[in-house]
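This report is an introduction for a reader who is meeting the structure for the first time. Please keep the sequence and the model side by side while reading.

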Amino acid sequence: MSARYSFLSLISNALNGQTGWRPAWRNAPPKPAYDVIIVGGGGHGLATAYYLAKEHGIRNVAVLEKGHIGSGNAGRNTTIIRSNYLLPGNEPFYEWSMKLWEGLEQDLNYNAMVSQRGIINLIHSDAQRDAYARRGNAMRLAGAGSELLDAETVRKMCPFLNFDNARFPIKGGLMQPRAGTARHDAVVWGYARAADRLGVDIIQNCEVTGFIRDKGAVVGVETTRGAIRGGKVALAVAGSTSRLTRHLDLRMPLESHVLQAFVSEGLKPLIPGVITFGMGHFYVSQSDKGGLVFGGDIDGYNSYAQRGNMPVVEDVLEGGMALMPMIGRLRLLRSWGGLVDMSMDGSPIIDVGPLPGLYLNTGWNYGGFKATPASGWCFAYTIAQDRAHDFNAAFRLDRFRSGHIIDEKGVGAQPNLH
Ligand SMILES: Cc1cc2nc3c(=O)[nH]c(=O)nc-3n(C[C@H](O)[C@H](O)[C@H](O)COP(=O)(O)OP(=O)(O)OC[C@H]3O[C@@H](n4cnc5c(N)ncnc54)[C@H](O)[C@@H]3O)c2cc1C
């Protein structure tokens, strides 16, 4: 078993030439059968395994990952965590996630670099101020906290912004002071290590290629490392969900799109937290190393490729130039793309079924990183109890048939507007 991290373990390893560290998790070979198989070694799959073991005592669990853990969106996102939602189906879930973030490092015994630096959604019109005031009130009612800022307050916090843009003048902002960022890789590694310590098998380089069925029920998976039986099979594969459910003849209310992100060379501390410029489809924060981390809209067509295209690069950088023209003098270090699972109402699915033995966790759109703790917690509950917890009660798959959609922005079935 991996060692517990502590001040004492740091000192003793410093004195013995760093020879006492053990691997953070085992490289487990697959067993023929498990009580629960989780497909997808991103944050959501690993968190689900951890909470299954910790909260429900279900430890005979495998997490199957086709590459290395965190090689999907968990390791490609811009690390923003927040719970600034409006609708009752969403807000309590994301606020529960925020509470789990606030205790995560102690819980996992791992430094996930959770940094509550605040998020500001910029306001550019009176109508937008009304909408944000309404959302801020809903956040306060849910205990998430919010502050409506006037233009002068935003100017004091972020003097480098272009306040007098003729098209989008900055008239204020909606702030959630408890929001911020967390180190995405560390979240993956922290959950993996904690799940492994409770007996979960983390199996990398193991791609699920099909399902084993028995009288309609899902009873296992075919993988590149052989067949594995599972009492329950849970999918947490984000943008690859519809590729897998195709093997089960299930058509999902999802579109897979590439979402790109960018990081600049390092600067001295400049950006106080996270700033979003919704009207220009641009957002920015600053990493602990000093790089500006930013992104914008999804690519314009459906794709399963984890790489982006040039028109969106141009579009994002135009948004950045409109908001903070000095960004044009920065050098870009890297850009990358991830495969996001855009649902038709912009809200997630955490549900039992629709086939016996199958459990679904998907539809995270642009924003599943912040959901990681609550998603794993609720999915574990749903798998263990065969029913939803109150926090994910609205995230049903059949809402798209019944009409109980959770359209946070009221924009309809249009992924690029969610
Ligand atoms: C550029 C970008 C920026 C983002 N920024 C933010 C942000 O700031 N804040 C926020 O909250 N969210 C953000 N997101 C969204 C967020 O990253 C995702 O919603 C979240 O990470 C999804 O986590 P996951 O564990 O479900 O998926 P993933 O991390 O993608 O995990 C799924 C895993 O399944 C594996 N897999 C797929 N198919 C198979 C198979 N057949 N067999 C076995 N394994 C398989 C994949 O390799 C992958 O590792 C961003 C996303 C991107 C791409």
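## Threonine 79 and its loop

Threonine 79 belongs to the loop that runs between β2 and β3. The model described here is a predicted one, and in it the phi angle of threonine 79 is near 65°, a positive value in a residue other than glycine.

A second residue with a positive phi is lysine 215, where the angle is about 50° although the residue is not a glycine. Lysine 215 sits in the loop between β9 and β10 (217-223). Is lysine 215 buried or exposed? With a relative accessible area of 82%, lysine 215 is exposed, since the exposed class begins over 50%.

## The ligand and its surroundings

The ligand is surrounded by 38 residues, and the closest of them are Glu65, Ala74, Thr78, Tyr366 and Lys370. Sorted by class, this shell holds 17 nonpolar, 16 polar and five charged residues. At least two residues of the shell come from each of α2 (43-56), β12 (254-266) and β16 (332-343), and β12 gives the most, with three residues.

For threonine 78, a polar side-chain atom lies 2.8 Å from a ligand oxygen, whereas for threonine 79 a polar backbone atom is 3.4 Å from an oxygen atom of the ligand. Taken alone, the ligand would expose 1,000 Å², and the protein buries 96% of that area.

## The largest nonpolar core

In soluble globular proteins, nonpolar side chains tend to be buried together. Here the largest nonpolar core has 50 residues, and those that touch the most other members are Ile38, Leu46, Tyr51, Phe93, Trp101, Tyr191 and Val200. Each of β1 (33-39), α2, β2 (61-64), α3 (91-108), α6 (184-197) and α9 (372-385) supplies at least two residues of this core.

Asparagine 90 lies in the loop between β3 (80-81) and α3, and it counts as buried because its relative accessibility is 1%. Leaving aside neighbours within four places in sequence, asparagine 90 is in contact with Tyr85, Ser347, Pro348, Phe395, Ile406 and Glu408.

Glutamine 204 is placed in the loop between β8 (201-203) and β9 (208-214), and its relative accessible area of 14% is why it is classed as buried. When residues up to four places away in sequence are not counted, glutamine 204 touches Trp25, Asn27, Glu65, Gly67, His68, Ile69 and Arg225. With isoleucine 69 there is also a polar approach, in which a polar atom of the glutamine 204 side chain lies 3.0 Å from the backbone nitrogen of isoleucine 69. Proline 30 is 174 residues from glutamine 204 along the chain, yet their C-alpha atoms are separated by 9.5 Å.

The contacts of leucine 198, apart from neighbours within four places in sequence, are with Tyr50, Ala53, Lys54 and Arg59.

Aspartate 351 lies in strand β17 and is buried, as its relative accessible area is 10%. Its side chain reaches the backbone nitrogen of leucine 397 at 2.9 Å. Leaving aside neighbours within four places in sequence, the residues in contact with aspartate 351 include Tyr359, Phe379, Phe395 and Leu397.

Proline 354 is found in the loop between β17 (349-352) and β18 (358-362). Most peptide bonds are trans, but the bond joining glycine 353 and proline 354 is cis, with omega about 10°.

Conventions:
Residues are numbered from 1 along each chain as its sequence is written. This is a predicted model: local features need pLDDT of at least 70, side-chain atom pairs count only at pLDDT 80 or more; totals for chains, interfaces and linings use all residues. Side-chain values use heavy atoms; hydrogens and water are left out. A residue is near a molecule or strand if one of its heavy atoms lies within 4 Å of it. A polar contact is a pair of N or O atoms within 3.5 Å; within protein, one must be able to donate a hydrogen and the other to accept it, and residues adjacent in sequence count only if both atoms are side-chain atoms. Accessible areas come from the Shrake-Rupley method with a 1.4 Å probe; for residues, only the protein chains shown count as cover. Helices (H or I, at least four residues) and strands (E, at least two) are DSSP runs, numbered from the N terminus. Ala, Val, Leu, Ile, Met, Phe, Trp, Tyr, Cys and Pro count as nonpolar, Asp, Glu, Lys and Arg as charged, and the others, Gly among them, as polar. A nonpolar core is a set of buried Ala, Val, Leu, Ile, Met, Phe, Trp, Tyr and Cys residues joined through side-chain atoms within 4.5 Å. Buried means under 20% relative accessible area, exposed over 50%, partly exposed in between (1.4 Å probe, protein chains only). Contact means heavy atoms within 4.5 Å.
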